[in-house]
Amino acid sequence: MKTITGIAVAPGIEIAQAFVLEQFRQRVPHHLVVPEERPGELQRFEEALAAAQADLAADHERAETDLGPEAAKIFEFHLGLLQDPTLLTPIRAKISEDGTNADFAVASSFSRIIDQFNAMGSQVFRDKARDVLDLERRVLDHLMGRSEERLSRLNKPVVVIAHELTPTQAASMAIEHVVGLATDAGGRTDHTSIVAAALGVPVVVGCHAITEHVNDGDQIILDGQAGQIIIQPDEQALEKFQVAKERLERFRTETAQEAEAEAITRDGTRITLLGNIEFPREINQLLEYGGEGVGLYRTEFLYLTSTEDPTEDELYEQYSSALKMLDGRPLTIRTLDLGADKHTQQQALEPERNPFLGLRSIRHSLRHLPMFRRQLRAILRASVEGPLRIMFPLITTMTEFKQARMVLNDVADDLREEGVAVRPDIPVGMMIEVPSAALMASTFAREVDFFSIGTNDLIQYTVAVDRSNERVANLYSAANPAVIRLVKNVIRAAKRRGVDTSLCGEIAGDMTYTMLLIGLGLRSLSLVPAQIPRVKQVIRRVTLDECEKLARRVGAFESQRRILRVLREETKRVLPEADGGWNAD
Ligand code: PEP
Ligand code: MG
């Protein structure tokens with residue numbers, strides 16, 4: 001038995017066999033084929049290629065059913081590559097002219113592309129290299145007769161163990177038999193983790209070297225709450241986790257039954273619980289969990305999953321369908337947050353040395369005005385269909401906010417001149433995700449209609465820790481006293497000026513922080529839909545006075561560990577049956 005601890009991304013406990021996703025290059029035989037056998041060898045290649053294309057098309061279809069059409073578009077890049085003559089023509093020539101065996105012709109041609117991407121140095125190209133590696137494996141699996149092993153053909157539940165996954169690969173895990181996911185690399189709030197969490201299975205990332213310790217078929221306990229993986233557990237561990245799994249399932253059923261209940265403290269303070277979504281289709285689930293609207297719609301995912309930028313009409317369709325599904329509930333649309341770890345297919349031809357400090361988010365939008373204006377036109381056209389709010393991400397200076405709002409006003413004027421109806425009173429807000437904005441909150445409060453505190457980024461910029469780097473994940477914590485002080489500063493500044501404030505970082509869904517956030521003065525949280533019921537349970541068990549006392553108490557501590565310990569103890573005190581149901585570190 002061996003226990004490995006990683007970073008908890010999505011809760012749940014699963015006990016199943018491991019399926020180790022082979023991610024290293026496989027050994028491929030090399031030999032020459034005599035001229036009379038070359039047509040047959042070429043035929044073998046064409047059949048393997050067709051089978052790999054069919055697999056991809058099936059994965060595309062499955063992702064479409066399970067994750068929706070937007071997420072499925074991620075496979076279109078792959079399908080395109082598997083039909084690209086610049087890749088296929090040299091393979092065919094190697095087989096029929098040089099007499100290279102099909103397996104080696106495939107491996108050597110794919111290698112060339114993989115090496116070229118890897119040599120480009122940036123993470124974006126390394127991601128592309130992994131995607132190409134995945135395609136190579138799909139073709140080789142068919143050529144080398146290993147297709148039976150493919151994940152999609154499994155007929156028993158498995159926990160997938162991988163070194164590192166691209167968002168595309170994470171999306172392809174949306175299959176019935178995959179009941180959990182654990183990877184060596186990654187951080188809780190990175191792009192792959194956000195896609196993986198949407199699968200609804202427990203996910204643990206940042207385990208460093210789990211692939212070195214697990215063999216295919218090993219029994220695994222995956223605890224997505226504690227961020228733990230137990231390999232080949234003994235009887236005692238199995239019993240303990242079986243009980244924990246049943247308790248968690250009971251807790252989930254009970255909390256789900258409370259979806260209709262109001263999020264109100266014992267002494268009558270009402271907390272608004274909104275949802276974070278990436279695609280409109282998540283709204284159904286959000287409403288089932290008792291969400292009262294959308295507090296963060298991450299609109300860039302449509303760009304990430306398409307091979308081409310969406311048109312204004314496509315964007316309009318997305319936004320207006322979201323408003324229709326919400327049926328009168330509020331929709332907070334965040335404008336594009338591209339850059340850093342979120343790149344479009346066409347983007348990133350000029351990789352940045354320090355992308356998280358580079359041309360990302362609102363900076364990217366202000367530098368790519370036609371793209372920004374197209375999005376704003378679509379948002380404004382949809383505005384007449386329901387209570388929509390607009391917020392700009394990663395605002396660091398007042399000039400940026402004013403520029404963004406000027407572009408918005410200009411786009412609204414154009415539309416009105418064209419005779420297109422635009423709602424006149426759309427609230428315009430900003431995300432507080434960097435220390436400069438948090439420190440200047442009282443100045444910003446004069447200009448904005450609302451704030452949304454994005455702690456995922458606020459933490460990384462305050463403590464100088466890359467949110468997707470597992471090597472420094474222990475330093476990335478909302479319990480850092482500097483982070484708490486900044487959040488408190490924003491809430492106070494906003495309150496003085498009567499500016500509506502919500503918090504939409506991952507901690508909004510982590511019940512360890514619920515009492516603290518209420519105690520600091522927040523009355524609105526935006527969180528992953530599935531986390532709404534348990535956060536609501538905490539709210540319904542506490543009084544405002546208890547929360548305020550707790551906020552004052554931890555406000556005086558200087559150590560992150562001590563703050564976290566007290567927050568956990570308090571959460572456990574008010575909700576003992578949720579034992580382990582939090583993931584803060
Ligand atoms: C944040 O930074 O807290 C946030 C909600 O935005 P994202 O996770 O999309 O960067
Ligand atoms: Mg952010």
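**Note on the predicted model: sheet, helices and metal site**

1. Eight strands make up an open sheet of mixed pairing, ordered 1-8-7-3-4-5-6-2. Strands are DSSP runs of E with at least two residues, and helices are runs of H or I with at least four, all numbered from the N terminus. Two strands pair if DSSP finds at least two bridges between them. At the edges are strand 1 (2-5) and strand 2 (7-10), each pairing on one side only. From one strand to the next, the twist averages 30°.

2. This is a predicted model: local features need pLDDT of at least 70, side-chain atom pairs count only at pLDDT 80 or more, and totals for chains, interfaces and linings use all residues. Residues are numbered from 1 along each chain as its sequence is written, chains are lettered from A and ligands numbered from 1 in the order written, and side-chain values use heavy atoms, without hydrogens and water.

3. Strand 1 runs antiparallel to strand 8 (residues 228-231), with four bridges. Lys 2 faces Ile 231 there. Helix 10 (residues 235-257) packs on the sheet and touches strand 3, strand 7 and strand 8. Contact means heavy atoms within 4.5 Å. The direction of helix 10 makes about 120° with that of strand 3. Axes are lines fitted to C-alpha atoms, for helices over the stretch in contact; angles run from 0 to 180 degrees between N-to-C directions.

4. Strand 3 (residues 13-20) has six of its eight residues buried, so it is largely enclosed by the rest of the structure. Buried means under 20% relative accessible area, exposed over 50%, partly exposed in between (1.4 Å probe, protein chains only). Five bridges tie strand 3 to strand 7 (residues 219-223), antiparallel. Ile 13 sits opposite Asp 223. With strand 4 (residues 158-162), strand 3 pairs in the parallel sense over four bridges. Ala 18 is opposite Val 159.

5. The magnesium ion (ligand 2) is coordinated by Glu 433 (OE) and Asp 457 (OD), at 2.0 Å. Glu 433 lies in the loop between strand 13 (428-432) and helix 17 (435-439), and Asp 457 in helix 19 (residues 455-463), 24 residues apart. Both Glu 433 and Asp 457 are buried. Donors are N, O and S atoms within 2.8 Å of the metal (3.2 Å for Na, K and Ca); water is not among the atoms, so sites may look incomplete.

6. Strand 9 (residues 272-277) and strand 16 run parallel, joined by four bridges. Thr 272 has Ser 524 as its bridge partner. From strand 16 (residues 524-527), Ser 524 and Ser 526 point one way, Leu 525 and Leu 527 the other, and all are buried.
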